[in-house]
Amino acid sequence: MIIAILGSITAIAVLCWLLFTLAIYALPALGGVAAGMWAYQTGAGLPGSVLVGLVGAGLVFGLAQFLILFARPMWLKLAVALAFVAPAAVAGFHATHGIVKHLMPSETWQTVFSVIGAVAVGITAFVRLTSMAPPGPTGQTPASI
């Protein structure tokens, strides 16, 4: 019985680590799946739709990286970051809800903990995404900008 409890705790920890690690890839995955489904429905077949989906996901992630690194207006960088954070937060909500619905009977507390999980995953995705951007130019003080 103790081994089962420790195994369950380890499985939950691994799933949470995986969720936090892969949260920033929710939007590219969504774009890749949408492109792959479109390609399949237009007659590309399974290999062609998988290829289109992979290329679509790569393009979404690459375009976002390009915009975060080279866009000058801060509002554009923030919009790109929020476009990545929103699907990650939704994924965090549903992942947390899937775990807590087996642990507590109250739907109110399930929702409360799911929202807390969504906020935690959203913040983590935002921090990971903004840490990819390089710092500002060195040697400049705020007065010289």
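Trainee: Which residues of α5 meet α4?
Mentor: This is a predicted model in which local features need pLDDT of at least 70 and side-chain atom pairs count only at pLDDT 80 or more, while totals for chains, interfaces and linings use all residues. Residues are numbered from 1 along each chain as its sequence is written, and side-chain values use heavy atoms, with hydrogens and water left out. Contact here means heavy atoms within 4.5 Å, and helices are DSSP runs (H or I, at least four residues) numbered from the N terminus. From α4, the contact takes Leu-78, Val-80, Ala-81, Phe-84, Val-85, Ala-88, Ala-89, Gly-92, Phe-93, Thr-96, His-97 and Val-100; on α5 they meet Gln-110, Thr-111, Phe-113, Ser-114, Val-115, Gly-117, Ala-118, Val-121, Gly-122, Ala-125, Phe-126 and Leu-129.

Trainee: How many residues in the contact of α4 with α5 are nonpolar?
Mentor: Nonpolar covers Ala, Val, Leu, Ile, Met, Phe, Trp, Tyr, Cys and Pro; Asp, Glu, Lys and Arg are charged, and the others, Gly among them, polar. In the contact of α4 with α5, no residue is charged and eight are polar, while the nonpolar residues number 16.

Trainee: At what angle do α4 and α5 pack?
Mentor: Axes are lines fitted to C-alpha atoms over the stretch in contact, with angles from 0 to 180 degrees between N-to-C directions. The axes of α4 and α5 lie 7 Å apart, and the angle is about 145°.

Trainee: Which residues of α2 meet α4?
Mentor: On the α4 side, the partners are Ala-83, Phe-84, Pro-87 and Ala-88. The contact of α2 with α4 has seven nonpolar, no polar and no charged residues. From α2, the residues that meet α4 are Ala-26, Leu-27 and Pro-28.

Trainee: How are α3 and α4 oriented to each other?
Mentor: Helix α3 spans residues 45-70 and helix α4 spans residues 74-100; their axes are 9 Å apart, at an angle of about 150°. The two helices are therefore roughly antiparallel.

Trainee: Which residues of α4 make the contact with α3?
Mentor: From α3, the contact uses Val-60, Phe-61, Ala-64, Leu-67 and Ile-68. By class, the contact of α3 with α4 holds eight nonpolar residues, no polar ones and one charged. The residues on the α4 side are Leu-76, Lys-77, Val-80 and Phe-84.

How values were computed:
Angles under 35 degrees count as roughly parallel, over 145 as roughly antiparallel, 65 to 115 as roughly perpendicular and the rest as oblique.
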